[in-house]
Amino acid sequence: MRASLFITCYNDTLFPETGRAVVKLLERLGVDLSFHPGQTCCGQMHANTGFRGEAFCQAKRFVRLYQDTEAVVIPSSSCVAMIRDQYPGLFEELGNEELRKQFTALLPRVYELSEFLVDRLKVEDVGAYFPHRVTYHASCHGLRALHLGDRPWKLMNKVRGMEQVPLANLDRCCGFGGTFSVKNAEVSSAMMAVKLQDIVSTGAEFCTALDNSCLMHLGGAMHRQYAGMKTIHLGEILASTEAEPAEALA
Amino acid sequence: MSHSGYHPVLDPALAAPFPEAVLPVLRNPQLRKNVAHAIDVIQVKRGKLVAEKTDWQALRTAGAAIREHALENLGAYLTQFEERCTAAGGVVHWAADAAEARQIILKLLREENASEVIKIKTMTSAEIQLNPFLEAAGVRTYETDLAEIILQLGEDEPSHIVVPALHVNRSQVREIFARRMGLKDLSDDPHALTAAARNYLRRKFLEIPTAISGANFLVAETGSVVVVESEGNGRMCLTLPRTMITLAGIEKVLPRFQDLEVMLQVLARSATGERMNPYTSVWTGVTPGDGPQKFHVVLLDNGRSSILAKKTERQTLRCIRCAACMNGCPVYRQTGGHAYGSVYPGPIGAILTPQLMQMHHAQSLPYASSLCGACYEVCPVKINIPEVLLELRSQVVNQERGHAGRFFDPMYLGLRIANMIFSRAWLFHTAQFFGRVGLKFFTRKDGWIHSLPSVGSKWTQTRDLRGLPKQTFHGWWAARQKEAR
């Protein structure tokens, strides 16, 4: 099985450890991975802020880079949601029929990490070991845009040594919302305060998710507040083994 | 003065932008507690009643289809409504905008020699700012919906479209009633409060022969008007007065009487978490010897027909004002409704207000959302609110781009530069390098950034940011490939 990784802009810059973990995980499962050096960003930040013209550029770029790929794996649910929910409209608006066709052909081969593992590789036990107390935050895009459903739990339930603590109000947004976190920083922070209360009261050591953008917001607040918790992308937990524990534990 | 310590402004032309308007609310523990508590109560009830409907998704699909069909044929159905209503003894008036609607209503009241009027809860009348207009013209308005009475007596504004006084708690209601009704020994027992309101209302019902209502639905097939409510005070307004004037947005029309089967089911469950609302009044023109003997309907456009023509935005008009979107919204739960600066708050307000009131009056509203999608998930007529929000955001940007003053705005400049950078991988990689070098000055010994200037300060005011790692992912991958060779 061959697949190409799309490590979107903020993961490449701010969370390279997530990309490294996903490489370790997928190669361990026998995937022949490639990484296109020309990749940058999916355009979500622009599209969601109203800069649609700019988002076109990134959408076109995505199709150009990946049209011949067997599968594209993206460990960021909101970037996948951007591609799945917003690109079709962008290509329709662009009116370039050839590009639209190429995109339509490519779309079924674009996977969020947990989708790729459960749906494509048909694997739930990825051989992970993570002896810690963990709570899972279901990011809105994973929950309501991608409908990830029980995929994350199918994977987490098979992680050896891990104790899961359910998070209350699982479907409530953490308040990140991309540029919302800056344009409406105060409301974003109020939402985050409510979410952190739920997370901290689980008594978990780690809060995990399939989207580092929520985790950047929540982890940044945990650090500011000396909350005694850390955030970790689920890909890093799934990559973690007894011999090679997650980098976050170092 | 509003009892909650600040003055809400529900006029998009005058209200502060959302990020500013939220500040006094976010600092008001009483108000936030009231809002979150009320929302949580409604949400639990709604959750139970939606879950018991095994065909809920089918009902949503049907609701969306009925509303969409009505909008696609709006002209024909409105004409049919006018014909049938007129045939039944009603008089139909058409108002292009708020000013015309106000003038029509005032003229009708003058014809009745009315110096006082009682009102059934209507958000549309708040949209056209009817009460202050009538008061200035010498007509006293009396709200009869309990929540609206609380707001009117408390000189406050609605913060929710179904439960307008959601931000006011029981002890605050007691204070308002005691002060304005002169009942200094009033207790905050719900029965005592209801009795006080009833006493106050009964006199109005008996003395004032003219009433104004809104409409939940207009039925084209029969020419009927439908109002749903919980208290029965609307029913009183339909029983005692001689004259009824109904104000309704043109989008409120349903094709057939039978469509109420779907719409009333989804409305009650979505709005108040009830299987059926306690009072559903349906009236058709005038019935001799029963209810108002003079009946007028004012059909209000006020920007609606221009929304109708737009592909993505049109779905906004499907709205049946159930408020499920605001009850489910994590932003609204923190802010309540006043910060939206419009009688229509929450997610539906964030898309409706800018479209009804012209975009430049409500620039900040399409951004008052984290795009979490909860509103779309609960909407009983499947309005894809996030999709419309994005469309409106792109219109805001297109409008603002042209302004010279926006050229150096950090957000606009930043996003334009970011796009340039993302368009070439080598530029992106160079920018990452300089970003890392630049941010080093702000990174503390613990490896985290605690404070950033300019737009960055909006992040660091409540959150730290981990300093940029030395090696990017693509850098790591390239090194690994080289090693493998």
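Biologist: Two strands pair if DSSP finds at least two bridges between them. In this predicted model, which residue in E6(B) stands opposite B:Phe217?

Modeller: Strand E5 (residues 217–219) and strand E6 (residues 224–229) of chain B run antiparallel and are joined by 3 bridges. The cut-off is at least two bridges, so they count as paired. In E6(B), the residue opposite B:Phe217 is B:Val226.

Biologist: Which strands are at the edges of the open sheet that holds them?

Modeller: The sheet has 4 strands of chain B in the order E8-E5-E6-E9, and its pairing is mixed. An edge strand here pairs on one side only. Those strands of chain B are E8 (253–254) and E9 (279–284).

Biologist: What angle does helix H12 of chain B make with the direction of E5(B)?

Modeller: Helix H12 covers residues 260–271 of chain B and packs on the sheet. Its contacts there are with E5, E6, E8 and E9 of chain B. Relative to E5(B), the direction of H12 makes an angle of about 170 degrees.

Biologist: How do the residues of the contact of H3(B) with H12(B) divide by class?

Modeller: Helix H3 (residues 56–72) of chain B packs against H12(B) at about 120 degrees, with the axes 9 Å apart, and the crossing is left-handed. On the H3(B) side the contact includes B:Trp56, B:Leu59 and B:Ile66, and on the H12(B) side it includes B:Val262, B:Met263 and B:Arg269. By class the residues are 7 nonpolar, 3 polar and 2 charged.

Biologist: Turning to chain A, how is H4(A) oriented to H5(A): roughly parallel or roughly perpendicular?

Modeller: The axes of helix H4 (residues 52–66) and helix H5 (residues 77–94) of chain A come within 10 Å and cross at roughly 105 degrees. The range for the class is 65 to 115 degrees. H4(A) is therefore, relative to H5(A), roughly perpendicular.

Biologist: How many charged residues are in the contact of H4(A) with H5(A)?

Modeller: H4(A) contributes residues including A:Arg52, A:Phe56 and A:Lys60, while A:Met82, A:Tyr87 and A:Glu93 are among those of H5(A). The contact has 11 nonpolar residues and 1 polar residue, and the number of charged residues is 3.

Biologist: How many residues of helix H16 of chain B are buried?

Modeller: H16 runs over residues 346–356, and its buried residues include B:Gly346, B:Ile351 and B:Leu356. Among the elements that cover them are helix H6 (123–127), helix H14 (324–328) and helix H18 (385–401) of chain B. The helix is largely enclosed by the rest of the structure, because the buried count is 11 of the 11.

Biologist: Is B:Ser125 buried or exposed?

Modeller: B:Ser125 lies in helix H6 of chain B. Apart from neighbours within four places in sequence, B:Ser125 contacts B:Lys119, B:Leu130 and B:Leu247. The cut-off for burial is under 20% relative accessible area. At 2%, B:Ser125 is buried.

Biologist: What is the relative accessibility of B:Thr210?

Modeller: B:Thr210 is in strand E4 (residues 210–213) of chain B. Leaving out residues up to four places away in sequence, B:Thr210 touches residues including B:Leu109, B:Val117, B:Ile118 and B:Pro241. B:Thr210 counts as buried, with a relative accessibility of 2%.

Biologist: Is B:Lys184 buried or exposed?

Modeller: B:Lys184 sits in the loop between helix H9 (170–181) and helix H10 (190–207) of chain B. The C-alpha atoms of B:Lys184 and B:Asn199 are 15 Å apart, with a separation of 15 residues in sequence. With a relative accessible area of 72%, B:Lys184 is exposed.

Conventions: Residues are numbered from 1 along each chain as its sequence is written. Chains are lettered from A and ligands numbered from 1 in the order in which they are written. This is a predicted model: local features need pLDDT of at least 70, side-chain atom pairs count only at pLDDT 80 or more; totals for chains, interfaces and linings use all residues. Side-chain values use heavy atoms; hydrogens and water are left out. Helices (H or I, at least four residues) and strands (E, at least two) are DSSP runs, numbered from the N terminus. Contact means heavy atoms within 4.5 Å. Axes are lines fitted to C-alpha atoms, for helices over the stretch in contact, and angles run from 0 to 180 degrees between N-to-C directions. Angles under 35 degrees count as roughly parallel, over 145 as roughly antiparallel, 65 to 115 as roughly perpendicular and the rest as oblique. Ala, Val, Leu, Ile, Met, Phe, Trp, Tyr, Cys and Pro count as nonpolar, Asp, Glu, Lys and Arg as charged, and the others, Gly among them, as polar. Buried means under 20% relative accessible area, exposed over 50%, partly exposed in between (1.4 Å probe, protein chains only). A crossing is left-handed if the near helix is turned anticlockwise from the far one by less than a right angle, and right-handed if clockwise.
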